[in-house]
Structure formats: structure tokens, C-alpha cells
Amino acid sequence: MITGNIDGKIMIRRWLVTFKPFRIFVVGIGFFSLCFLMTSLGGQFSAKRLGDSPFTIRTEVMGGVESRGVLRKISDMLEVILKRMDSLSKLDNSTTSDTRRLDELSSAINRFQPAGLVERIQAIAQNVSNMAVRVEQILQNSMAAGRVRDGSSSQCEVPRDPRYPDCPGKVDWMRARWTSDPCYAFYGVDGSDCSFLIYLSEVEWFCPPLAWRNHSSPPTVHTHTRQTATTKRQAAFRTDLSSLLDLVGTGKESLSFMKRRMRRLASQWGTAAQRLHAKLRQRWREQKKILVHVGFLTEESGDVFSPKVLKGGPLGEMVQWADILTALHVLGHNLKISMSVKELQGFLGVPPGRGSCPLTGPLPFDLIYTDYHGMQQMKQHMGLSLKRHKCHIRVIDTFGTEPAYNHEDYATLHGYRTNWGYWNLNSRQYMTMFPHTPDNSFMGFVSEELNDTEKSSIMQNKVNNMAVVYGKEASMWKQGKEGFLQILHRYMEVHGTVYYETQRPPEVPAYVKNHGLLPQHELQTLLRKAKLFIGFGFPYEGPAPLEAIANGCIYLQPKFHPPHSSLNHEFFRGKPTSREVSSQHPYAEQYIGRPHVMTVDYNNSQEFDSAIREIMSTKVEPYLPYEYTCEGMLERVHAYIQHQDFCTPEAPFPPANSSSSSKLGLSSPASPGPQFFLLPNSSALTWAPNANAPPAWPPLSSLRLLASQEGQSCVEACQHANLVCEPALFRFVNNKEALRGLEVQCEVVEAEVNHVFPAFSVLRRECGLQKDPLLYSCAGLSPKYRRLCPCRDYRRGQVALCRDCL
């Protein structure tokens with residue numbers, strides 16, 4: 001072996017280790033020159049933490065993203081030198097010139113001392129790139145000579161195989177860029193063509209397997225389905241939350257809030273589990289391996305929520321995540337919880353680096369629940385693997401994502417591109433807080449359910465002239481509230497729960513009795529006394545109004561003229577939806593309504609005054625929709641887990657070998673019989689009982705086919721018929737048979753990529769069918785077209801599920 005090679009490797013490694021006791025603050029942005037400020041200037045090098053990638057040096061960087069990138073490149077260069085030294089140490093008979101160059105490199109590094117002056121550190125930093133170039137030259141010369149000696153050069157010629165047309169181009173890319181991500185070195189790439197071909201044939205799939213390699217190990221799995229050697233296990237309901245509380249962890253006020261909520265509702269979850277178990281009649285349920293990655297609470301996403309938990313900040317997202325975790329645990333699934341990118345990487349088994357390399361082997365989870373922040377983090381660290389495994393992902397999305405925004409190419413071409421969305425998921429993989437976007441799945445949350453004794457006590461102890469204002473932050477009381485607050489004050493005693501530290505917020509009028517920010521149990525006590533819970537118009541669609549209604553309050557909220565949307569309101573701008581919000585809480589307005597909910601124009605003082613007097617004379621019982629009880633949420637989540645499958649490709653409809661299919665895959669006049677028939681006393685069509693019903697969830701028995709009016713979405717058309725639009729059923733109505741069933745006259749039938757299709761124009765006698773299933777959209781509308789709308793029925797109190805869905 002060559003002594004110079006070994007010494008060079010040892011000295012570079014020693015130099016890297018020397019950096020551990022210090023922290024670097026980097027200023028400036030030059031690539032080949034960095035100014036390192038030592039302890040005397042207020043900075044220190046940072047030690048690597050346990051569990052950090054061996055390929056990176058963690059740093060705190062001043063100067064922004066560009067400076068961090070510069071330092072990362074310097075760090076990568078040093079690691080490349082180490083890797084190449086490893087490769088050189090395995091070679092022998094190197095030339096005298098090579099040995100001399102390595103001796104020079106070793107000597108240069110040996111002269112560096114940790115206690116040296118800033119100038120020496122600058123010199124080392126400036127010469128790192130030159131060192132990398134020199135080692136590259138030595139390595140290439142030595143390995144080329146080695147290949148000639150051992151005859152391996154012929155084994156590593158780049159193949160020209162028509163079955164792998166991308167192989168030569170990928171090898172060229174690897175030659176130029178393999179040092180761009182440490183993950184390549186992690187998989188054994190060392191700069192040689194042999195290592196490129198091994199990687200591209202065994203880790204990725206662009207080159208053919210090498211005949212001289214040992215192929216006894218299983219190849220990388222590239223299917224969409226999760227491969228596992230273990231047998232399926234049955235899920236059993238759980239009533240003990242102690243193991244879940246341990247999984248959630250500690251260290252943040254947000255986590256403490258979530259755990260307090262879990263403990264407070266534990267008995268209700270237990271009772272709900274017993275009820276659902278009886279309802280399912282001991283039906284076999286498969287236990288799933290589930291990863292929950294709460295991206296918005298990670299330090300890497302900024303986590304602006306945790307510091308505000310005790311200062312009046314928004315809690316809705318934490319409420320929902322706490323309930324999602326509890327529901328998954330109670331249903332008996334195998335959970336892992338990630339609250340950091342480091343934990344995410346560990347659970348997924350991603351290689352160290354920047355996400356350029358795929359996962360090898362199967363995804364270790366059946367399902368992954370995350371949010372938009374988590375999606376960005378998974379994209380960064382999973383790289384190529386995200387596209388392959390994204391069918392397993394469920395995105396918790398408060399305000400919803402419509403198909404036109406979700407389809408990346410379509411959104412870019414037609415003006416729907418925003419900072420969110422564009423993930424090309426099945427739209428039902430997005431899961432919302434309220435059932436406002438039927439294109440998505442409704443996840444929800446829970447509110448505390450009262451028994452009959454508690455309800456009776458609340459009704460007896462209500463204070464008829466007591467109102468509580470929905471607004472924890474002083475900023476919510478600013479501007480434009482004085483008029484209707486004065487009217488309210490004439491009739492009722494006004495209470496607030498506005499956060500403050502030492503002094504009463506000046507925005508809160510003097511006549512308001514402000515309790516400050518209250519713990520949940522004290523807030524609940526206040527709501528059980530109050531007659532009215534009044535909203536200011538913000539925040540939108542939070543959990544608090546449902547909690548107030550469940551405690552016997554009447555909820556009063558403002559009506560919006562015109563409705564708020566991404567087109568006219570800053571809050572919704574950039575969100576991946578065109579949904580129009582007609583009031584502060586549309587769910588309360590549409591699904592609950594009077595007498596529990598009143599929606600009025602706050603700018604009309606006479607209407608507001610009349611509403612207050614009506615509220616004072618109206619008696620209501622505490623009310624909670626079934627879908628927001630623990631049992632309702634368990635029922636819904638159970639159905640999604642057992643029935644929603646976005647990884648198995650859907651069979652074409654009509655079947656490809658059907659005699660009734662045409663070039664567009666549509667029913668033709670030769671069809672053996674009608675698939676739809678008209679329901680009695682209705683304009684809706686349903687699936688014919690004598691027609692073959694392909695397997696589907698929701699089942700085709702729930703389908704009700706309607707035609708919308710021009711300019712009307714399927715969301716509205718179905719709601720007007722007391723039904724719900726069901727995107728999963730679009731594929732069964734995207735055909736000529738459905739058009740014929742609705743007696744539509746079509747002179748032209750074309751398939752296009754258009755989020756309004758399937759639809760037809762009465763005036764032009766034109767019909768359009770959907771070409772891209774990702775664009776099946778309940779929300780789409782156009783003034784030129786009437787839409788084909790696959791509506792369905794739903795269970796009482798559970799809009800997410802059809803009558804036969806459970």
C-alpha cells in the first residue's frame with residue numbers, strides 16, 4: 001500500500017475532526033473564498049450532533065441561503081476528498097508523481113493547527129477547491145491504470161442496450177455531477193464508471209444488470225404497492241392512550257396542549273370505540289403501519305405555532321392533529337410519529353444527502369399522514385422516491401385543494417398555480433377540517449359530547465343576557481366593530497377572552513368583561529353559562545363555534561357580501577381553491593343553521609338588532625353533529641383506511657375488452673342495455689339494477705347522476721338535490737351512455753383535458769368528456785357548460801359516507 005495515500009487520508013480526516021469543537025459563522029457569498037471569523041469575533045465552530053449525517057458538517061450561517069449553500073459545497077468537497085482517499089488507499093503501484101502530490105497535500109494539511117490565525121483558516125478554505133481538483137486528477141489516473149492492469153475496463157463499458165435507452169446519458173450525468181449529493185457516495189459511487197453502472201443498475205433502474213455482479217440480493221422495489229413478507233395483522237380497538245401519549249413526546253407547548261386534549265377526551269374515545277366495535281359486528285380490520293409527520297410543528301418549517309399556544313395563537317390545527325393521532329391509535333393501527341426532519345429521515349430510511357437518490361426496498365409504511373410543510377420536506381429528502389410512493393400519502397389540508405390547482409401542468413397553463421397544491425395527487429388524498437370541498441376527503445376533528453344530565457343542567461343555568469366574543473387576539477377587535485358591539489351591549493353583558501400580559505388591551509371596549517386567555521375547562525364553563533357566542537368574521541372555519549353550540553350557545557356570525565375567496569380577499573390569496581366563503585363559518589351556516597346558528601349582515605344595524613332580540617327569546621338545547629363526535633370521526637377514518645386505495649390502478653370503465661367501447665373508451669350504441677335509469681319523481685339517474693356494477697367505493701348503488709345548470713358547479717347541483725358530489729364516481733359517468741341517459745343531444749363528442757368536463761353545451765350541441773382523471777372536479781364550473789354530476793346519498797349526520805359505505 002502507498003504510505004502517502006494513507007497519510008493523506010488520515011490528515012484530511014484529522015483536519016475535519018479538528019473542526020468539531022468550534023462553530024463557524026460565515027459571512028460573504030464567494031464560492032472559492034470564505035471569511036471564517038473565530039471565537040474572538042464572536043463565533044465558534046459547531047460540533048456535529050449525535051445522529052447527524054457523516055457527510056455533512058452542521059453550521060450556523062449568517063448571510064442567508066447563498067452563504068449556507070457556499071459552506072455546504074465546501075463541506076461536500078472535503079467529504080469527497082475523504083471518499084477519494086478511501087478509494088486511493090485500496091490501489092497500489094501508484095506512480096511516484098502521484099505519491100509526491102499526495103505528500104504535498106498531506107503536508108499542507110498537517111501545517112494547519114486549530115489554534116492558528118484567521119489567515120491560515122482563510123488559506124485552507126480558499127484552497128479546498130484546488131485540493132479537490134488535484135485529488136480528482138490523482139484518483140482518475142490511478143484508477144484508470146488499475147483498470148488496465150486488472151482487465152476490468154471491459155466489464156465497465158457503458159452498454160448500448162435499446163431496453164435501457166437512458167443509460168449512456170445517465171452515466172455522462174454521473175460523471176459530471178456525482179459529487180453534487182453525498183447520497184451517491186453512500187451507495188458506493190467513487191467516481192469510476194464501474195461504480196456508476198453498479199448504482200444505475202442496482203439502486204436506480206436506468207442501466208441493465210451487470211453480468212459479473214452478484215445478484216443474490218433482492219433488487220430495488222419499483223412498484224406502487226407496499227411489499228412485505230409479514231402476514232397481515234388484525235387491528236384491535238384500544239381504549240388506553242398511555243402509549244400514544246409517550247409517542248407524542250415533550251419539549252414544546254404545542255405538544256403539551258395536544259396531550260392535555262387527549263387526556264381530557266380519553267373516556268369519550270373509549271366509549272366511542274366500544275360503540276363502533278359493536279356496530280361493525282367484529283368485522284375483520286387490517287392493522288396498518290402508519291407514519292404521522294406533523295410538518296408545521298417541525299423546527300425546519302419555522303414552527304410559529306408553538307410559541308403562541310399560551311398567547312392566544314391559533315389552535316385549530318393542533319386540535320385536529322391531536323384528534324387524528326387519537327383516532328388512528330384507538331382504531332388499533334401501528335403508529336410512528338415524527339416531529340422533525342431528522343425523525344422523518346430515520347423512519348423512512350432515506351440515504352443521507354439532498355434527496356437525489358431513491359429509497360431502496362419497500363416503503364416501511366402503508367400510510368403517511370402529513371401536511372403541506374411535510375410534503376415539501378419529503379420532496380427534499382425522498383427525491384425520486386416521493387413520486388413512486390405518493391399514493392400512500394394523506395395531506396391534512398384545512399381549507400382544501402381543488403383539482404385544477406392540484407394538477408401541476410394544468411395549473412401552470414391555466415393560471416391556477418399557487419404556492420401550495422400542484423402535487424398531482426388524487427384529490428381525495430387531501431383531507432379537510434370541514435366538508436366544504438367534496439373533491440377532497442373530510443377528516444374533521446371532535447368536540448366534547450354531553451350526556452343528557454349535563455345538557456339539562458346547562459339549559460337550566462343559562463344566563464339569558466350573557467354573550468361571549470369569539471376573538472382571543474386584541475387585533476381582532478380593531479376597526480369597524482364599534483357599531484354592532486354597542487348594539488349588543490345595549491341588550492347583553494359582553495365577555496371576552498383576549499390574551500394580555502400585564503395591561504388590558506386598549507382595543508377591547510371598557511364595558512367588555514375580559515377574562516384573559518382561559519384554559520379549556522374554564523372556557524367551557526363560561527360557554528355553558530352564556531346564551532350567545534358571537535363571531536367577528538375572523539378566524540375562518542375554526543373549531544370554537546362548534547364547541548360553543550355543543551355547550552348550548554347560539555352562534556351569531558357575519559354574512560359576507562360578496563363572498564370571500566382567493567379572488568378578492570388577502571387571506572385566501574394563494575390558497576389552492578376558488579371556493580367562495582359566504583360567512584365566517586359556512587359549515588355552521590349550511591349544515592347546522594337556525595336556531596343554533598344565525599348569519600346576518602353586521603353592516604345592517606336594524607337586522608343585527610333584530611337578531612339579538614330573537615336570540616334572547618329563543619331556547620336551544622346543546623347540539624353537536626354526529627360527524628364531530630368521537631364515534632363519528634372513528635367511523636369515518638375507519639372507512640377511509642379500509643376502503644380508500646390510491647396505489648392500485650383502477651380498472652378502465654367500460655372494460656378495455658368490452659364490445660361497447662369506442663376509440664375514446666366510451667359506451668357505444670351497441671351497448672347491451674342501459675346502465676342508468678330515471679328515479680321516480682326525480683330528474684336524477686341511478687345505476688340500473690340489472691346492469692353489471694363494477695367494484696367501487698363508494699358503491700354504485702349510491703350514485704345519483706344529475707346535470708347542473710350553466711355556471712353551476714357539481715357541488716351546488718348536488719347540494720340543491722340534498723346530495724353530495726362524489727369524485728370517485730366520475731369515471732362511471734364520463735361516457736356517452738350517461739349523456740344519452742340525460743337525453744343530451746351531441747353533434748360533437750370530444751375528450752379533452754379540462755377540469756369542467758364531463759359537460760355539454762346545449763346551445764352549441766357539443767359534449768366534452770374528461771381525458772385526465774386527475775381533473776375530475778366537483779368544484780369546476782363554466783358559464784358555457786352544464787356539467788355531468790355524480791352525486792350520492794349520505795348517512796344521517798355523516799356527510800362523508802354514503803348509506804352503504806360502512
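User: How much space lies in the largest cavity?
Analyst: The largest cavity holds about 280 Å³ of space. A cavity is a set of points on a 1 Å grid over the protein atoms alone where a 1.4 Å probe fits but cannot get out. Its volume is the space filled by probe spheres set on the points, which are joined across faces, edges and corners.

User: How many cavities does a search of the whole structure find?
Analyst: Five cavities of 30 Å³ or more are found. This is a predicted model, in which local features need pLDDT of at least 70 and side-chain atom pairs count only at pLDDT 80 or more, while totals for chains, interfaces and linings use all residues. Residues are numbered from 1 along each chain as its sequence is written, and side-chain values use heavy atoms, with hydrogens and water left out.

User: Which residues lie nearest the centre of the largest cavity?
Analyst: Pro438, Asn440, Val724, Arg792 and Ala800 lie nearest the centre, out of 25 lining residues, a lining residue being one with an atom within 4 Å of a point. Two or more lining residues come from each of E8, helix H24 (714-720) and strand E19 (724-725). Helices (H or I, at least four residues) and strands (E, at least two) are DSSP runs numbered from the N terminus.

User: Now Gln798. Is it buried or exposed?
Analyst: Gln798 counts as buried because its relative accessibility is 1%; buried means under 20% relative accessible area, with a 1.4 Å probe and protein chains only. Gln798 is in the segment after strand E23 (786-792).

User: What does the side chain of Gln798 join to in a polar contact?
Analyst: The side chain of Gln798 is joined to that of Glu635 by a polar contact of 3.1 Å. A polar contact is a pair of N or O atoms within 3.5 Å; within protein, one must be able to donate a hydrogen and the other to accept it, and residues adjacent in sequence count only if both atoms are side-chain atoms.

User: Where does Glu635 belong, and how covered is that element?
Analyst: Glu635 is one of the buried residues of H23, and 12 of the 14 residues of H23 are buried. Among the elements they pack against are helix H10 (266-280) and helix H11 (316-330), where contact means heavy atoms within 4.5 Å.

User: And Glu541: which side chain does its own side chain contact?
Analyst: The side chain of Glu541 makes a polar contact of 2.9 Å with the side chain of Arg579. Glu541 is in the loop between strand E12 (532-535) and helix H20 (544-550).

How values were computed
Buried < 20%, exposed > 50% of the residue type's maximum accessible area, 1.4 Å probe, protein only. 1 Å grid on protein atoms, 1.4 Å probe; cavity = no way out; pocket = protein on both sides within 12 Å on 5 of 7 lines; lining within 4 Å.
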